[in-house]
Amino acid sequence: MENAGIPSATICTDRFIPTAEGMAKMWGAADYPTIFTEHPIENLDRDALRSRAEELAPLVVQVLVGDSQ
Amino acid sequence: MSEQGDTTTDTTTVQWADPLEAVEVCYDLGWTDGLPVVPPTARRVGEFLECVGRSADEVVGEIPERRRVITVGKVAANAVMAGCLPQYLPVVLAATEAMLDPVFNLVGPSSSMGGSAILVVVNGPVVRELNINSRNNLFGPGNRANATIGRSIRLILMNACAAIPGLFDRSVIGHPGKYSYCIAEAETETHWEPFHVERGFGPDQSTATVFAAESPRQVRATGHPESILYAIADAASSLGTSMSTSGSVGDRSAGLRQGQIGVTIAGASSLWKDWTKAQVREYLYANISRSVGDLKEAGVLPGDPEPGDEAEFVPLLPEPEDILLLFAGGEESNMASVIPSWGPKVASTAVTKPVR
C-alpha cells in the first residue's frame with residue numbers, strides 16, 4: 001500500500017516478529033516500521049482489546065503522519 | 001552420481017567431493033525438509049526437463065505476495081531432490097500449476113497457523129502408468145510415486161515459494177502430511193464416476209487436484225452403506241475443525257467458516273452398487289452439521305445455549321458439491337477417512353489441472 005502511495009500502518013503481535021521482518025525485507029523495506037504488541041490478542045475480551053488499541057493508537061498516528069516513511 | 005559434481009540454482013553453484021558431502025551441503029543450504037535429499041545436479045535436472053520438453057525458465061505461476069516466480073526449472077530441481085523419477089515431473093508440474101491458481105490462494109494455506117498440507121489427488125491413465133497407489137496404505141508409506149510426488153510439493157513450497165517453517169509458514173501444529181500427501185483414486189475398480197470426470201475432464205485425461213487440507217481422520221465403520229455414511233458424517237461434524245470454527249469470512253450468516261471436505265471410501269465397490277456419488281454426497285451434506293447448542297457450548301457461536309438450540313443444526317459445508325468424494329484405500333475393509341479443509345471455501349478452493 002505504501003508503494004501505491006497509501007499511507008499505512010501494520011500492527012503485529014510479537015510472536016510474528018521474524019515473519020513481519022522477513023516480509024518487509026522481501027519487499028525491499030527492511031526498516032519498515034511495523035508496530036509490535038504483546039502476544040496473544042485472540043483471547044482478549046472486548047474491553048481488553050479496546051484498551052490495547054488505545055495504547056497502540058499514538059504509534060499508528062506516528063507511523064501514518066510521521067517522517068519515518 | 002559422479003564423485004564430483006555441481007548443483008546449480010539461479011544464483012548458486014556448489015561443488016562437492018563425494019555424494020555424502022553433497023547431501024550435507026544440501027542441508028547447509030537449507031534445501032531439505034529435514035530428510036536427506038537427492039542432490040539436484042545440473043545433469044539430473046536436465047534429464048527431468050528433457051523428459052517434459054520444457055525449458056527451465058518457463059513460468060509455471062507466481063506468488064505475488066512473496067514476490068516469487070515459480071519456473072519449470074525450480075519445480076524440476078525440487079522433484080529431483082524429493083527422489084522422483086523423471087516421468088513423475090508432469091504430475092508435479094500439474095499439481096504446482098494447480099496450487100498457484102489464484103482461487104487456491106496459496107499464500108493462505110502455506111502460511112496460516114491452521115497448518116494445512118496440500119493434498120494431491122491424481123486421476124486418469126497416469127495413475128496406472130506411474131503406479132501411483134490408490135489402495136492399501138493409501139496415506140501410508142511404501143510407494144515411490146506417492147511419496148516423492150507429495151514430497152516434491154512440500155520442497156517446492158519451502159524452497160521456491162518461501163513457505164519456510166517458523167518464518168512464513170506459521171503452522172501451530174502442522175501434520176505428517178506436510179512431508180508428503182499424495183494419493184490416487186482407484187477409479188478403475190468402482191462403478192462410481194471418476195473424480196476428475198466429475199470435475200469436467202475426460203476419462204482418458206490425467207489430472208492432479210490440490211486441496212488445502214487438515215490430516216485425514218480414519219472412520220472405522222463397516223457394514224451397510226447407511227451406517228458407514230452415518231459414521232462418516234459424525235466424524236466430519238466434529239468440533240475443532242476449521243469447518244466448525246466461527247467464521248469471519250465467507251457467508252457470515254452461517255456463523256461458521258464452512259469449507260470443502262475430502263472423503264475417501266475403501267473396500268469393495270460392490271457394497272455401493274445401489275448408490276451413486278451424488279447420492280452419497282446428498283446423504284453426507286444433510287448430515288454433516290452441528291447443533292446450535294453444541295456450537296454455543298464450544299464458543300463458536302455467541303451466547304449461552306437456550307431451549308431448542310439442541311434441535312437446530314448448522315451445516316458445515318456450503319454445498320453437496322463441496323464433498324470431494326474418492327473411492328480409495330485398501331480392499332480389505334470399507335473403512336473411510338474424512339479430510340477437513342484448511343479454511344473456508346472462499347479462502348481456498350480445490351483446483352484440478354490436466355497432466356500434460
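In chain B, strand β5 (residues 117-123) runs antiparallel to β7, and the two are paired over seven bridges. The model is predicted, so local features need pLDDT of at least 70 and side-chain atom pairs count only at pLDDT 80 or more, whereas totals for chains, interfaces and linings use all residues. Residues are numbered from 1 along each chain as its sequence is written, chains are lettered from A and ligands numbered from 1 in the order in which they are written, and side-chain values use heavy atoms, with hydrogens and water left out. Strands and helices here are DSSP runs numbered from the N terminus, a strand being E over at least two residues and a helix H or I over at least four; strands are called paired if DSSP finds at least two bridges between them.

Strand β7 spans residues 207-213, and seven of its seven residues are buried (under 20% relative accessible area; exposed is over 50% and partly exposed in between, with a 1.4 Å probe and protein chains only). B:Thr207, B:Thr209, B:Phe211 and B:Ala213 point one way from the strand, while B:Ala208, B:Val210 and B:Ala212 point the other way, and both sets are buried.

Attention now turns to charged pairs. A salt bridge is taken as a side-chain nitrogen of Lys or Arg within 4 Å of a carboxyl oxygen of Asp or Glu, and over all chains the count by this rule comes to 18. One of them joins B:Asp101 to B:Lys353, at 3.1 Å from N to O. Because B:Asp101 lies in the loop between α4 (89-99) and β5 of chain B and B:Lys353 in strand β14 of chain B, this pair ties together parts that are 252 residues apart in sequence. Both partners are buried, B:Asp101 with a relative accessible area of 18% and B:Lys353 with 19%.

In another salt bridge, B:Glu189 meets B:Arg135, with 3.0 Å between the closest N and O atoms. B:Glu189 lies in the loop between β6 (182-184) and α7 (195-198) of chain B and B:Arg135 in the loop between α5 (125-129) and α6 (144-160) of chain B, so the parts tied together are 54 residues apart in sequence. B:Glu189 is partly exposed at 36% relative accessibility, whereas B:Arg135 is buried at 12%.

B:Arg281 and B:Glu198 also form a salt bridge, at 3.0 Å from N to O. This pair ties together parts that are 83 residues apart in sequence, because B:Arg281 lies in helix α9 (residues 277-287) of chain B and B:Glu198 in helix α7 of chain B. Here B:Arg281 is buried, at 10% relative accessible area, and B:Glu198 is partly exposed, at 28%.

Chain A holds two helices and two strands, in the order β-α-β-α along the sequence. Its C-alpha trace spans about 35 × 25 × 15 Å along the principal axes. Of the 69 residues in chain A, 25% are buried.
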